[in-house]
Amino acid sequence: MLVAAVAAVRQRASSYAFPPLLRMATVAAASATAAGTRTFGLASTPAPRRAFGITTATSTTSAPGTGSTGGSSTTTTAKPKTAVLLMNMGGPRTLADVGDFLLRLFSDHDLIPLPFQPSLARFIARRRTSKIQDQYAKIGGGSPILMWTQRQAALLEAALDRAHPESGGSLMHVRFSFAPATSQRVHSLCQHIRATVSTTPAPHKSYIAFRYAAPLTETAVRQMREDGVTRAVALTLYPQYSCSTTGSSLNELHRQIRALDPAGTIKWSAVDRWPTNDLLVEAFTRHIRTALLDYPEAERDDVVLLFSAHSLPMSVVNRGDTYPQEVGSTVARVMERLGHSNPYRLVWQSQVGPSAWLGPKTELTVEGYAKKGKRNLLIVPIAFVSDHIETLFELDLEYGKLAKEHGATGYRRVESLNDDPLFIDALADVVTAHLDAGSRPSRQLALRCPSCSSKDCGPTRDFFCRPVESLAA
């Protein structure tokens, strides 16, 4: 990038009386990469007092989603060529955030359909806040999901810049620091280099949109508008699609796009599911194999694998939601990769309220197998890609205690994917395949559930399934 900038000003610089500076700048630029920060000391001959430095750095040093760029560069940041919006449910960062988190969660008709939803959501949220605060207190006082998502976003940016440079490029920030005696001609040249570099394409830039906690979807879309984004991919961090998770996030995103960008200045596409991505399957498989090594070799093949996913109300399942089948497809691929080395079951956790939910329940399965003498139970969170309360409290503490009480002394949990490099490769692979395929969503997204009655679902799917030609800038 800097090489091109220096080449662009070579003609202008040739009139200046410091050819050694130009030669050194060219060498420095050729050595600079987007993988890190390098400082090059450049001096015009012969006076060392006229030395100055050029620092190059990537534009991914700030937290994703903040809209700011890192470092002390004096360049004007170019507009991102392709933005990636990572969508997940989120979680309260502090105990004080729990009430608002629960209110948003129980107010979401896509997730938990309730009669008299606004009033009943407030009642349930108030009633459950204290209990849920106690649970978060036991895992450190808040959810780590934002931290993990920020790490995933930053690593994904770097991976995409390597894998798909034509959709992003790599912007280098350039900072000049001058000695007092630096000539005006040097100042002029550096200003021209800075202006040239600042017009180059920006890299992929990631943003985070949580459904029930900050940063909310509205905040992300506003920031993208302010940053001048014109092309964006909505990437779900739920590998298996459900109307209550990815569907809810897409509905909310569509609402905010209509409210905040009615002119359609940002061209959107969506990655709506990826349950059988090869790298995702391999990441789960490796984590399971690693966890199995903790068991005695003589007992290893008899360890029961319990693939646990968040449950759904049966009302959602019965209207035709594809989530149970898609979770099952992930489990099937993982077991194939494992060579069906162990017995297994797919179980469902986190049921709330008196209505019927998809089963069998994870906790009842743990208790049942423990009572049948199965001491070695290995829990695999197959629908979560980050640690949060469902893994750290529910699986580790609550069900771990239950297992111990009933004699399952070999109860353990597979480590979550979090920032595993292979999982980051999976994210990059999903986005790259999406871009290579012309930014089309899955064929499934256009097909609504047979009993769907949502007023939002149709317009949202029409928006994200519109012809690819309409994505052209």
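Predicted model: local features only at pLDDT ≥ 70, side-chain atom pairs only at ≥ 80, totals over all residues.
A crossing of two helices is left-handed if the near helix is turned anticlockwise from the far one by less than a right angle, and right-handed if clockwise. Helices here are DSSP runs of H or I with at least four residues, numbered from the N terminus.

Residues are numbered from 1 along each chain as its sequence is written, and side-chain values use heavy atoms, with hydrogens and water left out.

Now the helix pair. Helix 4, residues 98–106, packs on helix 5 at an angle of about 140°, the axes being 8 Å apart. Axes are lines fitted to C-alpha atoms over the stretch in contact, and angles run from 0 to 180 degrees between N-to-C directions. Helix 4 is therefore oblique to helix 5; oblique is what remains after under 35 degrees (roughly parallel), over 145 (roughly antiparallel) and 65 to 115 (roughly perpendicular). The crossing of helix 4 and helix 5 is right-handed. Contact, meaning heavy atoms within 4.5 Å, involves residues including Phe-101 and Leu-102 of helix 4 and Ile-124 and Arg-128 of helix 5.

Next, the second largest pocket. A pocket is an open set of points on a 1 Å grid over the protein atoms alone, where a 1.4 Å probe fits, with protein on both sides within 12 Å along at least five of seven lines; lining residues have an atom within 4 Å of a point. Of its 17 lining residues, Leu-114, Ile-124, Val-352, Gly-353 and Pro-354 are closest to the centre. Helix 5 gives the most to this lining, with 4 residues.

Note on methods. Helix = DSSP H or I, 4+ residues; strand = E, 2+ residues; numbered from the N terminus.
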